[in-house]
Amino acid sequence: MFRGIGRFSVNRPWTVVVLWLLATTALIALAPQLKPTDDQAEFLPSHYESVRAVQIQQDAFPQSRQPAAIGVVQRADGGELTAADTKKAGEIAGALRDEKFAKITEVVADPKAVSPDGKIALVQVFASTQKANDETLVESVGELRTATADRLEGSGLEWAYTGPAATVLDSMEASDSTDAMVMMATLVIIIVLLLAIFRSPIIALTPVLVIGVVFMVTMGVIATAVDLAGMRAPASISAILIVVLFGVGTDYTLFLLFRYREHLRDGMEAKEALATAAGRVGETIASAAGVVIAAFLSLLLSSMGMLSSMGLALALAVAVTLISALTLVPAVFSLLGTKAFWPSKAWRTQPKNALSGRVGSFASRRPGLIAGVSGLVLVALASGVFGFRAEYDTESSLPDTLESVQAMEDFQTGFSAGQSDPTFVYVRSTGGAALDKAGLDTYRKELAEVGGVAQVAPAVVSPDGRVAQYGVVLDYRPTEDRAMELVGGELRDRVHQAAPQDTEQFVGGSTALLADVRTAVNRDYRLVFPVAAVAIMLILGLMLRSVIAPWYLMISVGLGFSGTLGATVWLFQSGSGGLLFMLPVIVYLFVVAIGTDYNILMVARLREEVSSGKEPREAVRLAVTHSAPTISAAAVILAGTFGVLMLADNAMLKQMGFAVAFGILLSAFLMAILLVPAVTTLVGPKAWWPGNRDGAAAGEGVEPPAGHGSEDLVGSSSR
């Protein structure tokens with residue numbers, strides 16, 4: 001099948017290119033716009049209490065005012081606010097209220113809302129929706145900021161907005177600038193590395209242009225699929241898709257180019273060499289992509305919409321990249337011919353493979369030493385996992401320069417940390433009768449006695465008298481661990497235990513939502529990790545026709561996952577802050593899946609050499625010598641593309657960028673090139689059971705891996 005696809009793409013290049021261009025044009029014109037969101041409520045199943053609380057609020061208080069943002073007002077000179085200052089703030093708030101911003105119901109400057117030190121005053125911004133990420137509301141908060149700034153000139157006051165909707169606005173703007181930066185940095189690093197490896201400007205630029213087309217197709221496919229599935233993508237998906245598409249796409253292009261160049265060196269004509277390369281490397285690319293797709297699709301089992309939508313998007317991205325690697329890439333290089341390598345002449349001469357040859361010789365002579373040292377290094381790095389703390393506060397990852405972040409810091413110097421985003425408790429009558437007001441007052445006192453609760457506002461009763469809403473202000477910042485533990489534990493227990501008879505109770509708000517997210521994520525980890533591992537092992541077993549090899553391959557990659565996460569903990573986790581709560585599953589999927597790709601290349605070569613009758617040590621030497629250059633080049637480029645995320649201002653993207661880049665390099669250089677060949681040597685012929693009962697028979701139909709005959713990563717830049 002792969003030979004047929006390869007020959008068609010090489011012999012009918014214009015047909016393939018035109019079909020891709022038509023698909024690109026159609027998807028750009030017809031596909032819906034991808035609308036990412038930061039709202040955690042949209043990622044949780046409807047049965048969670050915090051999600052049900054949102055629905056109750058919307059049903060019982062459709063016209064009620066909901067806190068959307070907070071204006072933090074202070075003097076520009078840092079002094080105490082005067083009576084004239086507070087009067088001026090009230091006048092500005094009144095003028096803003098009269099402007100009637102969409103979805104904003106009130107802008108209120110409360111004279112009593114002044115910090116104890118007299119330096120900070122608050123202006124409350126209320127909205128008609130509790131959804132902080134409502135597009136109209138977010139736009140209105142941006143307009144409100146501009147209108148406020150226009151009225152401050154000459155007042156001597158500083159006025160900044162924070163709170164839920166203001167934070168969403170800043171997050172969206174920061175995400176847009178991050179995407180542009182990540183795209184530019186990714187393109188630069190790919191072009192520079194390809195130029196260093198092949199010494200050809202055409203090869204350096206062509207994959208970038210091809211993957212640019214693939215990127216547009218992929219975004220259209222993902223937007224259509226997510227829309228049909230009724231999902232919403234997480235806000236960070238664009239930056240992740242950029243590095244996945246360009247990184248993985250470049251990897252697959254490298255697999256093809258290294259094999260293409262090998263056949264040219266063997267004396268084949270250009271089209272025959274390319275068609276043969278596409279056919280032979282197609283199975284390797286398909287197997288590697290299949291592992292990654294299976295890992296990403298396992299996220300569909302997640303109860304968290306954020307993870308399931310990310311899994312679907314990434315699986316589709318890799319699938320489109322696979323199709324392009326089998327069709328569009330061979331077609332483009334068929335049109336270019338050997339001119340693609342200009343001005344380098346290296347494609348005409350056989351390489352010496354000096355560096356990889358020395359590594360292969362060492363690996364074949366000292367497998368026990370290599371396995372032992374590699375294992376100790378991985379275990380030492382993995383020890384950091386025991387100190388891992390999950391961070392659910394997405395606001396903490398935003399740049400300190402954003403207005404909402406700075407305003408929140410100022411706010412917390414004068415007011416209770418929880419006052420910026422209170423928790424809401426809803427009590428609904430189940431018998432149809434109106435709620436008893438005396439019982440509601442008693443209930444309020446019960447809630448106020450919970451440790452960590454700063455204050456409980458009097459109940460607001462719905463027009464029909466059947467639902468009551470309490471605003472609960474905590475002593476802690478709404479997104480910190482102590483707040484989640486309180487709301488998800490003691491407070492929620494008291495809410496249910498002390499409630500009036502014949503009522504049902506719900507705890508809502510940002511803190512309750514994060515507490516439920518933590519519960520859902522812990523559940524997903526216990527399900528997604530083993531399912532992904534089983535899927536990857538099945539693909540490995542089918543490809544290698546072995547029962548034994550997949551086990552130690554997965555164990556080695558599992559050690560790589562633990563070592564990667566441990567190293568990230570050592571580097572990024574501070575004394576008070578944790579790491580992105582999604583980081584373990586992201587590292588697991590990327591490091592395990594992509595790390596397995598490199599193991600596939602190495603083990604396929606090992607199996608080929610053993611099946612051809614080579615002694616185990618000689619088989620290891622040859623396999624490492626011929627496969628290491630391709631693995632090295634692919635890993636450096638892929639790690640580099642993920643590494644550009646470390647340039648982002650977003651702390652979570654920095655953590656993700658380091659973790660995945662480090663894990664890829666660890667998987668390639670320590671495991672695929674050293675540990676896996678060493679363990680395979682120690683296991684011996686049993687590694688291939690039951691596929692090699694007869695050495696010659698076992699070798700039939702096994703295609704050589706993509707790295708055969710390729711140059712060393714370092715050496716290729718000098719020849």
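**Entry 1: helix 21**

I looked at helix 21 and found a bend of about 50° at Met671. I took the bend at a residue as the angle between axes fitted to the seven residues ending there and the seven starting there. I worked on a predicted model, where local features need pLDDT of at least 70, side-chain atom pairs count only at pLDDT 80 or more, and totals for chains, interfaces and linings use all residues. Residues are numbered from 1 along each chain as its sequence is written, and side-chain values use heavy atoms, with hydrogens and water left out. Helices (H or I, at least four residues) and strands (E, at least two) are DSSP runs, numbered from the N terminus.

I checked burial next: 24 of the 33 residues of helix 21 are buried, which leaves the helix mostly covered. Buried means under 20% relative accessible area, exposed over 50%, and partly exposed in between (1.4 Å probe, protein chains only). Just after helix 21, I noted a positive phi of about 80° at Gly684.

**Entry 2: helix 19 against helix 21**

I looked up how helix 19 (residues 583–611) packs on helix 21 (residues 651–683): the angle is about 30° and the axes are 8 Å apart. Helix 19 is therefore roughly parallel to helix 21. Angles under 35 degrees count as roughly parallel, over 145 as roughly antiparallel, 65 to 115 as roughly perpendicular and the rest as oblique. Axes are lines fitted to C-alpha atoms, for helices over the stretch in contact, and angles run from 0 to 180 degrees between N-to-C directions.

I sorted the contact of helix 19 with helix 21 by class and got 20 nonpolar, six polar and no charged residues. Ala, Val, Leu, Ile, Met, Phe, Trp, Tyr, Cys and Pro count as nonpolar, Asp, Glu, Lys and Arg as charged, and the others, Gly among them, as polar.

**Entry 3: aromatic pairs**

I found 11 aromatic pairs in the structure. Rings of Phe, Tyr and Trp (its six-membered ring) pair if their centres lie within 6.5 Å; planes under 30 degrees apart count as stacked, over 60 as edge-to-face and the rest as tilted.

Phe61 and Tyr426 make a tilted pair, 6.5 Å centre to centre with 40° between the planes. Phe61 lies in the loop between helix 3 (49–60) and strand 1 (66–75) and Tyr426 in strand 6 (residues 423–429), so the pair ties together parts 365 residues apart in sequence. Both Phe61 and Tyr426 are buried.

I then took Phe658 and Phe662: their ring centres are 5.5 Å apart and their planes at 20°, so this pair is stacked. Both lie in helix 21, four residues apart, about one turn of the helix.
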